[in-house]
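Subject: Structure for you to look at

Hello,

Here is the structure I promised. Please open it, then read my notes below.

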Amino acid sequence: MKTQIICENAALGYENKIVVQDLHFMVNEGDYLCVLGENGSGKSTLMKALLGLKPQISGKIIFGEDVGKNQIGYLPQQTPIQRDFPASVQEIVQSGCLNRCGFRPFYNREEKQLAVEMMKKLDIFQFAKKCYRDLSGGQQQRVLLARALCAAQKMLLLDEPVTGLDPKATNELYSLIAELNQKDKITIIMVSHDLRAAVQYADHILHIGGKQLFFGEKDAYLRSRIGKAFLEVSGEGE
Amino acid sequence: MQTLINYLHYPFVQYAVIVGLLTALCSSLLGVTLVLKRFSFIGDGLSHVAFGAMAIAGVMNISKNMLIVLPVTVISAILLLKTGQNTKIKGDAVIAMISVGALAIGYLLMHISSDSTNISGDVCSTLFGSTSMLTLKPAEVWVCVILSVFVMGIFLLFYHKIFSVTFDENFANATGIHAERYNLLIAVITALVIVLAMNLVGSLLISALIIFPALSAMRIFSSFRSVVICSAVISVFCAGIGMIVSILFSTPVGSTIVAVNILIFFLFSVFSWIGFKKN
């Protein structure tokens, strides 16, 4: 089992204001890590650091060989611009291949083929020519997931992936992600405050709130004091 | 018809037609991105800046006013996009401020210093671009052709990247496409197009040239590529019809072209309303 990310005593934030510190965790190939925390706990800052968009203030974040810079498939939250954007599913999925192009202005055959494969994998190939804005919320998320898979096939970073989805689409998306994790051995890092899903699907939990509150396997988290307290607050405890 | 053909024999009419069609093409290409990025108003703001710069050039008696107008507009475009995201005064307010500010200062300067007896005529032609179209010199036509080829080349070369940055800046950044740089690029080309288009429709109506074709195309088409192509076709078509009408009925060129654009927009809206959609 290869280690893909090691975070050693990292502190993250803006200029001289630290948002989250004391981060010690590692991610191995095939892990399903859920990052929990309330709003303002530093989740999005951590995400930017993992994507290489924001350097850490101190400490180290080391990436394994196969997940170098820009090799993480990212599923961002939807922006208002996208809701009425005239773009076909195919165009969007293909744009995930852009980081392979470098200075070449157009996609080559291989990249187009990759986009088709990913659309088939996520069962959206029949919508390839359809407009993104005409799809349902769950279908749109699958389009963006296919795009992320075009960009990187080892690791996915999901930012609150079920925001705005109805319960049925939520469950479908979660099982799709779990399937990618189990069948294709894609490492998943999911930022979420959906504790129920975290407990059900993830195998590791990282709980942050200004600093690292917990990192470890899910079962240990459920037994820990912080885990129990969080479960109770979220109304999910037994 | 005969009058039209007669007119087309004059070189100055030919120049006007060439410049007009090229400008229309360039502005429509850019328009799609600007409208989708919610930057429709940037065209308006920049065109007023260009007007102000033109007034300053006039005051300083610089005959080649392009030398001032172009850099000033490009710099303002960069500043607008840079500061728009993260400052105390929000983007739309900045644009509104700069736009009316430049307009006022420009008119003021023209008024104070101009020796011309017909100031309101001068101002009117800068704002609505009535006459300068027909007084183009071959050199200016060449500048215009080179600039438009440059704009189109950039657009084609970076088409996919522009798409990605327009659709989802966060994702583009995460996959190592520097969205900032492409935003900068878009700002610079916008400034170029606006300076180009000032001759055609004048600085008040440039926004129309940028946003109308894109909006019309979006009524009916639903993929990025078809919207871009359709918007280019609409824009060139409208510019052509507009110029013909303005020659035949001696109406002002700029406003006629915009009027044709508005007409097409309503036509497409009706089509989309009765359910005519294309992928």
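What is the order of the six strands in the open sheet of chain A? The order is S5-S6-S7-S3-S8-S9, and the pairing is mixed. Strands are DSSP runs of E with at least two residues, helices are runs of H or I with at least four, and both are numbered from the N terminus. Two strands pair if DSSP finds at least two bridges between them.

Some ground rules. This is a predicted model: local features need pLDDT of at least 70, side-chain atom pairs count only at pLDDT 80 or more, and totals for chains, interfaces and linings use all residues. Residues are numbered from 1 along each chain as its sequence is written, while chains are lettered from A and ligands numbered from 1 in the order in which they are written.

Strand S5 (73-75) and strand S9 (212-217) of chain A stand at its edges. Each has a single partner strand, so one side of each is left without a neighbour in the sheet. S5(A) runs parallel to strand S6 (residues 155-159) of chain A, joined by three bridges. Tyr74(A) has Leu157(A) in S6(A) as its bridge partner.

Now the chain contact (C-beta atoms, placed from the backbone, within 7 Å). Chain B gives 26 residues and chain A gives 25 residues. On the side of chain B that touches chain A, helix H8 (159-167), helix H9 (169-174) and helix H12 (224-249) of chain B each supply at least two residues. H8(B) has the largest share, six residues.

Best wishes

Terms used: Contact = placed C-beta atoms within 7 Å.
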